Amino acid sequence: HKVKYCVLTSSCTAALHVSLKAIGIKEGDEVICPGLTFIAPANMIVLSGAKLKLVDVDSETLTICPNKIEKNITNKTKAILVVHQFGHAAHMSEILKIAKKNNLKVIEDNAESIGGKYKGKILGSIGDVSTLSFYANKIITTGEGGAVITNSKVIADKARLLRDHAFTQTKDVIKKYNHDYLGYNYRMTNLQAAIGCAQLESISEILKKRKFVELHYKKKLKTLKNLEIRSYKDWCSPVSWLITLRLKTKQLNLRNKLIYFLQSKGIDARPMIRPVHEAKHFKKFFNKNKYLNSSVQSKTSFHLPSSPNLSLKKIDYVCSQVSLFV
């Protein structure tokens, strides 16, 4: 990523928590987050003590809509948490401009898009601090694991301190067991790190395999008129993580029927993540009418098997069954 500092953690969720606290987020602050994302960023904003401010996503990129960010900024807003969604970069130029104008920090959640680029800049190297995921289904894996990466020594030092019980940083063994902050046990194990080193050696090959799988899916499914295959903006150099498709329908239960049909054929299709505002512990705080893109995209989209080791025969079988239903 060509950044100065990397602090390894036990998960990307832990990395998000540490990042928020390392940039100084505290009770009473506000942090902006996309309305359609895996729940972890939203949860960690709340656990850091801040108020969660959701912003709807762009219907094409599925990333936070820059045109809707500024109206959600108040004098309590301290940061924008950006998620590079399903391999696609967020609208970083617009977001950085808004952040600079309002003196906000930018956190990049790059859990799903390691290796992707925005206008030639590698994702995770653009904001003030970024997080990576090495969970089992991510681009590279350590089973569980994550990282905080940044060019700020202040942020890196604070993150490193917080992930390890906030032990006082000293070579004096007696003084070490003082704690100046509330810390966490978010360390990555040596065993995970060893797996990660081996994965890094293979990342180029992994990305090539994933792209090959995605292109073959597109070739086989492009003639289906009622199916929309994920597209990418020309300023984005995407990575292939999940094979994401959307049904062109107003029947919101049709996507679920398709998934059940595919599962009956031995195909592990998955629904798109649900919008953050629909989570039971957040529901009462948000007006669902403000997140229409998030809701529609969530309820009509789904993912097909996406392993880089899928054979062409298996992809062809999946596509044939999708064609039967669509």
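Modeller: Happy to! Helix α7, residues 203–221, lies across β10, β12 and β14, and its direction makes an angle of about 25 degrees with β12. Please keep in mind that this is a predicted model.

Let's look at the strands under discussion. They belong to an open sheet of four strands, ordered β10-β12-β14-β13, with antiparallel pairing. The edges are taken by β10 (227–229) and β13 (270–271). Each of these has a single partner strand, so one side of each is left without a neighbour in the sheet. As background, strands of a sheet pair through backbone hydrogen bonds, in a parallel or an antiparallel way. Here, β12 (residues 243–247) and β14 (residues 301–304) run antiparallel and are joined by four bridges.

The axes of α7 and α10 (residues 312–325) come within 10 Å and cross at roughly 35 degrees, and the crossing is right-handed. On the α7 side, the contact is made by F212, V213, H216, Y217, K220 and L221. From α10 come L312, I315, D316, V318, C319 and V322.

Elsewhere in the model, there is a nonpolar core to visit. The largest one has 35 residues, and V31, I45 and L52 touch the most other members. Elements giving two or more residues to this core include α1 (12–22), β2 (30–34), α2 (40–47) and β3 (51–55), with β4 (77–83) and α4 (153–162) also among them. The most comes from α1, which gives six residues.

Since C33 has come up, a word on cysteines. The structure holds zero disulfides. For C12, the closest cysteine sulfur is in C6, 12 Å away, which is too far for a bond. C33 is in no disulfide either, and the nearest cysteine sulfur to its own is that of C12, 12 Å away. Both residues are buried: C12 has 8% relative accessibility, while C33 has a relative accessible area of 0%.

How values were computed
Residues are numbered from 1 along each chain as its sequence is written. This is a predicted model: local features need pLDDT of at least 70, side-chain atom pairs count only at pLDDT 80 or more; totals for chains, interfaces and linings use all residues. Side-chain values use heavy atoms; hydrogens and water are left out. A nonpolar core is a set of buried Ala, Val, Leu, Ile, Met, Phe, Trp, Tyr and Cys residues joined through side-chain atoms within 4.5 Å. Buried means under 20% relative accessible area, exposed over 50%, partly exposed in between (1.4 Å probe, protein chains only). A disulfide is a pair of cysteine sulfur atoms within 2.5 Å. Two strands pair if DSSP finds at least two bridges between them. Contact means heavy atoms within 4.5 Å. Axes are lines fitted to C-alpha atoms, for helices over the stretch in contact, and angles run from 0 to 180 degrees between N-to-C directions. A crossing is left-handed if the near helix is turned anticlockwise from the far one by less than a right angle, and right-handed if clockwise.
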